[in-house]
Amino acid sequence: MKRTLLLIAIAVSLAPGLLRAQSAELDEYVAVSAALAQDNLGSAKAAAEKLAREKGALSAPASQVAEAASLDAARESFRTLSAAAEKLASGQSGYYVFRCPMAGADWVQKSKDVQNPYMGKQMSSCGSIKDSTAPMKMGGCCG
């Protein structure tokens, strides 16, 4: 019984630090996403390099984005990064998971306004909030 209580106490004391670390990683991920939505490969790669140095759950897929030679390659690698970010964002408030039906892929962002990293400026408003319990925000290609 004492051991169980000790383990619970440790878990509770570590949880805030873990959530802050996850939130910092997600914020860096959002910077990568925003840069791709603006068709800015240089900024996307710089943000991905910073995220890769974090040595967290998103570092390995972020390094693939950082090494991309083109926007298309960065967006393809971003799919893997987004899958990991979606898991990290699960249950955290302030993050929304979007779906792009044109790309057949998801991404996470902090705003309810669609900023599609897969379509960039060409179709920036394409997508919708994936979580059906959230208010739907439909964009360009989906509405």
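Start by selecting Asp39 and Arg75: their side chains meet in a salt bridge, with N to O at 2.5 Å. (A salt bridge here is a side-chain nitrogen of Lys or Arg within 4 Å of a carboxyl oxygen of Asp or Glu.) The two sit 36 residues apart, Asp39 in the loop between α1 (2-37) and α2 (41-53), Arg75 in helix α4 (residues 71-89). Helices (H or I, at least four residues) and strands (E, at least two) are DSSP runs, numbered from the N terminus.

A word on what you're looking at: this is a predicted model, where local features need pLDDT of at least 70 and side-chain atom pairs count only at pLDDT 80 or more, while totals for chains, interfaces and linings use all residues. Residues are numbered from 1 along each chain as its sequence is written, and side-chain values use heavy atoms, with hydrogens and water left out.

Is Arg75 buried or exposed? Arg75 counts as buried, at 11% relative accessibility, whereas Asp39 is partly exposed at 31%. The cut-offs are under 20% relative accessible area for buried, over 50% for exposed and partly exposed in between, using a 1.4 Å probe and protein chains only.

Next, select Lys130, in the segment after β3 (128-129). One partner is Glu86, with the closest N and O atoms 3.0 Å apart. Glu86 is in helix α4, 44 residues away in the chain. Both ends are partly exposed: Lys130 has a relative accessible area of 40%, and Glu86 comes in at 22%.

Asp106 is buried, at 11% relative accessibility. Across the model, the count comes to seven salt bridges.

Last stop: the sheet. Color its three strands and you'll see an open sheet in the order β2-β1-β3, paired antiparallel. (Two strands pair if DSSP finds at least two bridges between them.) The edge strands, β2 and β3, each pair on one side only. Strand β1 (residues 96-100) is joined to β3 by two bridges. Zoom in on Phe98, whose bridge partner in β3 is Ile129.
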